[in-house]
Structures are given as structure tokens and as C-alpha cells.
Amino acid sequence: MTKGSITKNLVLFAIPLFFGQLLQQLYNIVDSVVVGNVLGKEALAAVSTSGSLIFLMVGFINGLFMGSSVIIGKSYGAKDYNRVSMAAHTGIAFAFIMGITLSVVGFFFTPVILGWMGTPADVMPNSVLYFRTYFLGGLGNIMYSACCGVFQAVGDSKRPLYYLMVSTVLNTILDITFVKFLGFGIGGAAFATIIAQFVSAVLAFVKLTRVDGPHRIYIRKLKMDGELLKKELALGFPTGIQNSVIAIGNVVLQSNINAFGSVAMAACGSYFKIEGFVFLPITCMCMALTTFVSQNLGAGEVERVRKGSIIGSAISVSCAEIIGVIVFIFAPVFLSMFSREPGVIAIGTTQARTESLFYCLLALSHCLAGIYRGAGKTTIPMIVMLSSWCLLRITYITIIVRIIPVVNVIFWAYPLTWSVSTIVFIIYYFKGSWIKQIG
């Protein structure tokens with residue numbers, strides 16, 4: 001990432017991430033498609049609430065590993081291979097502990113959190129069963145993310161794609177088998193997911209123990225270096241908090257949607273599955289920019305960082321807006337994959353057409369946040385997201401829904417907060433202080 005064409009480096013790194021994220025979205029959608037068509041709208045509503053709650057639980061932990069990725073990337077760019085190895089071993093050891101923690105916390109606190117979200121009584125039993133089963137696989141989820149973070153930090157975005165391909169195919173086969181043919185119900189969909197997650201985690205971890213390079217993992221060396229862990233957490237903690245506050249804002253939004261009943265829940269949940277595809281170019285280029293910035297700042301290539309940040313952001317914004325136009329036009333067709341109920345399609349289409357033309361703002365916010373994280377400025381995205389995507393979003397929803405009790409007004413919370421975060425991030429970008437060397 002520190003030599004050659006900037007555009008080529010970013011695109012070649014992002015393409016495997018794109019297909020990996022595409023598979024991840026298909027992976028997530030399979031549950032909804034199978035459950036919605038086989039078990040009905042109540043079961044679909046239960047699965048549809050999954051995005052906010054899962055991101056709340058998993059997002060914080062995955063955010064912590066951003067510090068590890070930044071340190072690995074910077075050290076790799078500076079050719080400090082001993083530090084690369086120490087950071088990788090510390091990150092993986094920490095991931096193992098956090099994965100077990102996630103499983104325990106998720107299993108016991110799922111009913112409480114779903115209650116806070118105002119999950120309707122007719123949906124609650126299925127939701128509890130789905131989430132408790134899902135969180136039993138927390139170790140597989142976290143270990144896979146941590147292993148992929150190591151690969152991506154050193155510029156390898158292909159191997160995570162290969163493991164995800166295997167996992168996606170397996171999840172699809174098991175979903176159909178467990179739910180449709182064996183009649184395991186919604187718990188079968190969650191169980192299929194955790195089996196697939198563990199398979200991808202094992203494949204990624206085994207490869208890390210055999211790969212040639214400073215990021216190779218030796219089981220006997222798996223331990224947490226205290227000083228390095230502190231630095232990783234210092235960089236990663238703000239990202240974890242950022243992920244959590246975004247999720248909290250989304251949980252509040254989901255709670256308000258839940259108040260409009262299972263049809264609205266199914267509609268919005270189905271739309272969020274579609275919106276996940278919008279995140280493909282955004283997430284991929286954001287991840288590419290984080291790695292690009294960390295490696296090039298490690299190598300002292302400051303001007304290359306400036307050029308790369310502009311090029312990567314422009315690519316992501318363009319792709320996101322093209323997808324936004326497609327979603328605006330074909331929203332009813334996409335939503336009909338999840339449910340044939342007119343009410344579900346109507347509400348989902350309204351949400352899609354409210355938000356889709358503003359995807360460019362979402363893309364730019366994420367890209368700039370990724371740039372700042374790569375530069376080690378992880379506190380700035382946290383503050384901006386906390387202010388706009390959590391506090392402002394919650395304030396807007398709390399006030400407006402009580403004045404205008406219509407589900408449609410909730411949807412405007414997203415364009416509003418995307419606009420605010422984009423403006424703040426742009427102002428900070430032109431201040432230039434973010435581009436200083438990582439400490």
C-alpha cells in the first residue's frame with residue numbers, strides 16, 4: 001500500500017473486501033428470506049430486529065480491535081516486524097477472551113435488552129430464542145473478525161474472502177435444511193449461522209498459524225502484552241464506543257418502530273437488509289483507507305495519504321449514490337423478496353425512498369472516519385458519532401414521533417444525522433491536524 005498507483009492499490013485491496021461484504025450481506029439475508037417465506041411475518045419480525053441488537057453487542061468488541069489493526073498496519077509500513085508479531089498475538093488472545101464474554105453476556109441479557117426495545121409480546125418468544133442461540137456463537141464471530149483484521153492490516157484482503165465464501169455456502173445450506181426440511185424453526189436459522197461462523201473462524205485462525213510473514217500466529221506465543229494491549233485499547237476503545245452509541249441510537253429507533261407493530265418491524269427490518277448492500281462500497285473503501293493511511297503514515301508518506309484520502313472517498317461516494325438511485329427505483333421489487341404482504345412492502349418502500357438519495361453523505365462520513373482511525377485519531381469519529389448519530393438522532397425521534405405519531409417521520413432521522421456528521425468531518429479534515437504521525 002506504500003508504493004505504486006494509489007487508485008490501483010485502494011481498488012485492488014477493496015475488491016476482495018467488496019465480495020466478502022457482499023457474501024456477508026447474503027449470509028445475513030438468508031435467515032430473513034428463509035424465515036420470512038417459511039415461518040411468516042411474526043418470525044420475520046423477530047429476525048428483523050437482529051441488526052440493532054447484534055451490532056450493539058458485537059460492534060463494541062469489534063471496535064476494540066481497530067486499535068490492533070492500526071498498530072499492525074503502522075508497524076508493517078515502518079517495517080517493524082517484531083511489533084507486528086506482538087500486536088497480532090495480543091489482539092488474537094484478547095479476541096478469544098472477549099468472544100467468550102460476548103456469548104455469556106448475550107445469552108443472559110438478551111431478554112432484558114429486547115424488553116428495553118419494546119419488542120411486542122407476539123414477537124418476543126421468537127426473538128429471545130433467535131438471539132440467545134445466535135450469541136452462543138459469539139466466540140466464532142469475534143475470532144473471525146479479529147483474524148481478518150490481522151490479514152487486512154498487512155494488506156491481505158483476499159484470504160478473508162475465501163473463508164467467508166465457504167461460510168456463506170454452508171450457512172445457506174444449513175438454513176434451508178434446518179428451517180424448511182427439518183422444521184427446527186427460528187432457532188434453526190440462528191444455529192445455522194453460528195455453525196458457519198465457527199467454520200470461518202477456524203479456517204482463518206489455522207491459516208494465520210501457517211502463513212509466512214511477521215503476522216504469523218504461534219499458539220505457544222498467544223498472550224497479551226500489557227503495554228501493547230493498553231495502546232491497542234486506547235486506539236480501539238473510542239471506535240468501540242462509537243459503534244455502541246450508533247447501535248444505541250438504532251436501538252432507540254427500533255424501539256419506536258416496534259411501537260407501530262409487527263408489520264412495521266418486518267418492513268423496516270427488510271429494508272435494513274437491503275440497505276446493508278449500500279454499505280458494501282462504503283465499508284470496503286473505509287477499511288481500505290484505514291489500512292492505507294496507517295501503513296503510509298508508518299512509512300512517512302504524508303502526501304500519499306492526502307491524495308489517497310481524496311481518491312478513496314470519491315470512489316466510495318460515487319458508488320454509494322449509484323446504488324442509492326437503484327434502491328429508490330426498485331425498492332418494491334427488492335422488498336418483495338422478504339414478504340408479499342402489501343403493508344410490509346409499502347412501509348419498506350417509503351423508508352427506502354426517504355433515505356436512498358442521501359447515501360452519498362453516509363459514504364463520505366464513513367470514509368472520513370476511516371481515514372482518521374487509520375491516522376490514530378479514533379476519538380474524533382467517536383465524538384462526532386456520539387453527538388450526531390446517537391444524541392441528535394434520539395432527540396429527534398423522541399420529540400418528533402410524539403408530535404407526529406407516524407412511522408414515516410422516523411426515517412428522516414438518518415439523512416438528518418448523516419448531514420450533520422459529514423459537515424463536521426469535512427471541517428476537521430481541512431484543519432489538517434489528523435495527518436500527524438501516529439504516536
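Q: How many aromatic pairs does a search of the whole structure find?
A: In this predicted model, a search of the whole structure finds 21 aromatic pairs, where rings of Phe, Tyr and Trp (its six-membered ring) pair if their centres lie within 6.5 Å, and planes under 30 degrees apart count as stacked, over 60 as edge-to-face and the rest as tilted. Because the model is predicted, local features need pLDDT of at least 70 and side-chain atom pairs count only at pLDDT 80 or more, whereas totals for chains, interfaces and linings use all residues. Residues are numbered from 1 along each chain as its sequence is written, and side-chain values use heavy atoms, with hydrogens and water left out.

Q: Why is the pair of Tyr76 and Tyr81 called tilted?
A: The ring centres of Tyr76 and Tyr81 are 5.9 Å apart and their planes stand at 55°, so the pair is tilted.

Q: What makes the pair of Phe107 and Phe108 edge-to-face?
A: With ring centres 5.3 Å apart and planes at 85°, Phe107 and Phe108 meet the rule for an edge-to-face pair.

Q: Why does Phe107 count as partly exposed?
A: Buried means under 20% relative accessible area, exposed over 50% and partly exposed in between (1.4 Å probe, protein chains only), and because Phe107 has 27% relative accessibility, this residue counts as partly exposed. Phe108, with a relative accessible area of 55%, is exposed.

Q: Which charged residue lies over the face of Phe107?
A: Arg132 lies over the face of Phe107, at 4.7 Å from the ring centre; the rule asks that NZ of Lys or CZ of Arg be within 6 Å of the ring centre and within 35 degrees of the ring normal. Lys221 likewise lies over the face of Tyr218, at 4.8 Å from the ring centre.

Q: How do you know whether Thr110 is buried or exposed?
A: Thr110 has 2% relative accessibility and therefore counts as buried. This residue is found in helix H4 (residues 81-116), helices (H or I, at least four residues) and strands (E, at least two) being DSSP runs numbered from the N terminus. Not counting residues up to four places away in sequence, Thr110 touches Val105, Val128, Phe131, Arg132 and Phe135, a contact being heavy atoms within 4.5 Å.

Q: Why are Arg159 and Asp156 said to meet in a salt bridge?
A: A salt bridge is a side-chain nitrogen of Lys or Arg within 4 Å of a carboxyl oxygen of Asp or Glu, and the side chains of Arg159 and Asp156 meet at 2.5 Å, N to O. Arg159 is partly exposed at 25% relative accessibility, while Asp156, with a relative accessible area of 14%, is buried.

Q: What separates Lys230 and Glu227 in helix H9?
A: Lys230 and Glu227 are three residues apart in helix H9 (residues 226-258), which means that about one helical turn separates them. Their side chains meet in a salt bridge (3.8 Å, N to O), and by the rule the count comes to two salt bridges. Lys230 counts as exposed at 56% relative accessibility, and Glu227 counts as exposed at 52%.

Q: Which residues have the most contacts inside the largest nonpolar core?
A: The largest nonpolar core has 62 residues, and those with the most contacts inside it are Leu10, Tyr372 and Trp434; such a core is a set of buried Ala, Val, Leu, Ile, Met, Phe, Trp, Tyr and Cys residues joined through side-chain atoms within 4.5 Å. The largest share of this core, 15 residues, comes from helix H10 (residues 262-298). A second, separate core of 52 residues includes Val35, Met98, Val128 and Tyr163. Tyr372 and Trp434 also belong to one aromatic cluster, formed with Phe425, Tyr428, Tyr429 and Phe430.

Q: Where does Lys79 lie?
A: Lys79 lies in the loop between helix H3 (50-77) and H4, and at 61% relative accessibility counts as exposed. Although not a glycine, Lys79 has a positive phi of about 60°. Most residues other than glycine have a negative phi.
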